[in-house]
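Thanks for coming, everyone. Please have a look at the model on the screen before I start.

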Amino acid sequence: MRRTDLADADCGIAQALGVLGDWWTFLIVRDVAGGTTRFDALQRELGVSRRALTERLAALVEHGVLRREAYSDHPPRYDYLLTPKGEGLLPVLVALQDWGSRHVMGDGALTATARADSAEARRVRQLVGRRLPAVTLPRHDGGDEPPTVPGRWTVLYLFPGAFAPGDQGLPPGWGDIPGAVGCTLEARTYADRHELIRAAGAEVRGVSTQRPDQLRAFAEYARLPYPLLSDQDGRLAAGLLLPTFRAGGVDRFKRLTLLVDPDAVVRAVQFPVTDPAGSVAEMVELVRQSCGRPSPH
């Protein structure tokens, strides 16, 4: 019996598995979302046979999850890119990542942080040297832009959720989730150090999975001099396999910070961040060291 002939014809789960097939297919979508789009690179990353990879890529193209875009005519070679249908799988990848980290590799506890010796922390440290995927995210004040500033060093801090008083209520039990509290302090500390960071050679961007209107309300309340970006569709989270947790019905970033060079390559990471204000001071020094700007006397 083919997977497409499953008896549960009206069950979305069964029909989705008929398209996705097996665990290799999920890993292909994961790597394409992260920017690995060519056959040979996918084979190296996954360690799968050429035949198996060819079959799965062909099936994903047939089902409209991936599309092929030629980058060479002689010989014919293609990039495999996510379609809008494929991008609809990104929240599924984020949820699987969270479930595996929390319930398979962890003890099941809900937390917005991690131990320094955890699998999550090791995975985040491996982002050093990794290029950010080519995505654009909505700004709190309108329009879309990449998460980093082209041609500039960028401090990219990712936070669980920041809320303007009286405009949005905190998610239930927010104060009981380790690591969740501190977003306002972190945002304002970056605001206080904004000109110092720019003088040292970098720009600041904050990112959360909140909607742009929620970010706009907070940015106006906190009078932030830098943009906040919304990853509500999970493009950045899935592309970099960033650590998340779920609260108030929303997948949220665990607090972490990336220092990204002008070519969109990660050069330093801060995770776990247990002291939101103190981490800003550490990042200022990292920016000065990376950009070659001396500390003021």
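I will go through the cores, the salt bridges, the surface and the backbone.

First, the ground rules. This is a predicted model, so local features need pLDDT of at least 70 and side-chain atom pairs count only at pLDDT 80 or more, while totals for chains, interfaces and linings use all residues. Residues are numbered from 1 along each chain as its sequence is written, and side-chain values use heavy atoms, with hydrogens and water left out.

Let's start inside, with helix H2, residues 23-33. Helices here are DSSP runs of H or I, at least four residues, and strands are runs of E, at least two, numbered from the N terminus. How many of the residues of H2 are buried? Here, buried means under 20% relative accessible area, exposed means over 50%, and partly exposed is in between, with a 1.4 Å probe and protein chains only. The count is 8 of the 11, so H2 is largely enclosed by the rest of the structure. Trp24, Leu27, Ile28 and Val29 are among the buried ones. Asp31 is on that list as well. After H2 comes Gly35, with a positive phi near 105°.

Now the cores. A nonpolar core is a set of buried Ala, Val, Leu, Ile, Met, Phe, Trp, Tyr and Cys residues, joined through side-chain atoms within 4.5 Å. The largest one has 45 residues, and Leu236 and Leu258 touch the most other members. Which element gives the most to this core? That is H2, with 6 residues. There is also a second, separate core of 27 residues, including Trp153, Phe159, Leu215 and Ala222. In general, nonpolar side chains tend to be buried together in soluble globular proteins.

Back to Leu258. Contact means heavy atoms within 4.5 Å. Setting aside neighbours within four places in sequence, the contacts of Leu258 include Leu127, Leu156, Leu240 and Val269. Thr154 is one of the contacts too.

Thr189 counts as buried, at 10% relative accessibility. Not counting residues up to four places away in sequence, Thr189 touches Ala277 and Val280.

Next, charges. A salt bridge is a side-chain nitrogen of Lys or Arg within 4 Å of a carboxyl oxygen of Asp or Glu. The structure holds 19 of them. Take Glu120 and Lys254, whose side chains meet at 2.8 Å, N to O. This pair links distant parts of the chain, 134 residues apart. Glu120 sits in helix H7, and Lys254 sits in the loop between strands S9 and S10. Buried or exposed? Both Glu120 and Lys254 are buried.

Arg198 and Glu203 make another salt bridge, with the closest N and O atoms 3.2 Å apart. Here Arg198 is partly exposed, at 37%, and Glu203 is buried, at 9%. Asp213 and Arg211 pair at 2.9 Å, N to O. Asp213 is partly exposed at 32%, and Arg211 is partly exposed at 41%. Arg139, Asp141, Glu145 and Arg205 form one network, joined by salt bridges that share partners.

How many disulfides does the structure hold? The number is 0, where a disulfide is a pair of cysteine sulfur atoms within 2.5 Å. Cys183 is buried, at 4%, and Cys291 counts as buried, at 19%.

On to the surface. Arg51, in helix H4, is exposed at 65%. Val104 is in helix H6 and is exposed at 56%.

Last, the backbone. Most residues other than glycine have a negative phi, and most peptide bonds are trans. What kind of peptide bond joins His74 and Pro75? It is cis, with omega about 0°. Pro75 lies in the loop between strands S1 and S2. Phe271 and Pro272 are also joined by a cis bond, with omega about -5°. Pro272 is in the loop between strand S11 and helix H12.

Arg223 is not a glycine, yet its phi is positive, about 55°. Arg223 sits between helix H10 and strand S7, in a loop, and is exposed at 74%. Leu241 has a positive phi of about 55° as well. Leu241 lies in the loop between helix H11 and strand S8 and is partly exposed, at 24%.

That's the tour. Thank you.
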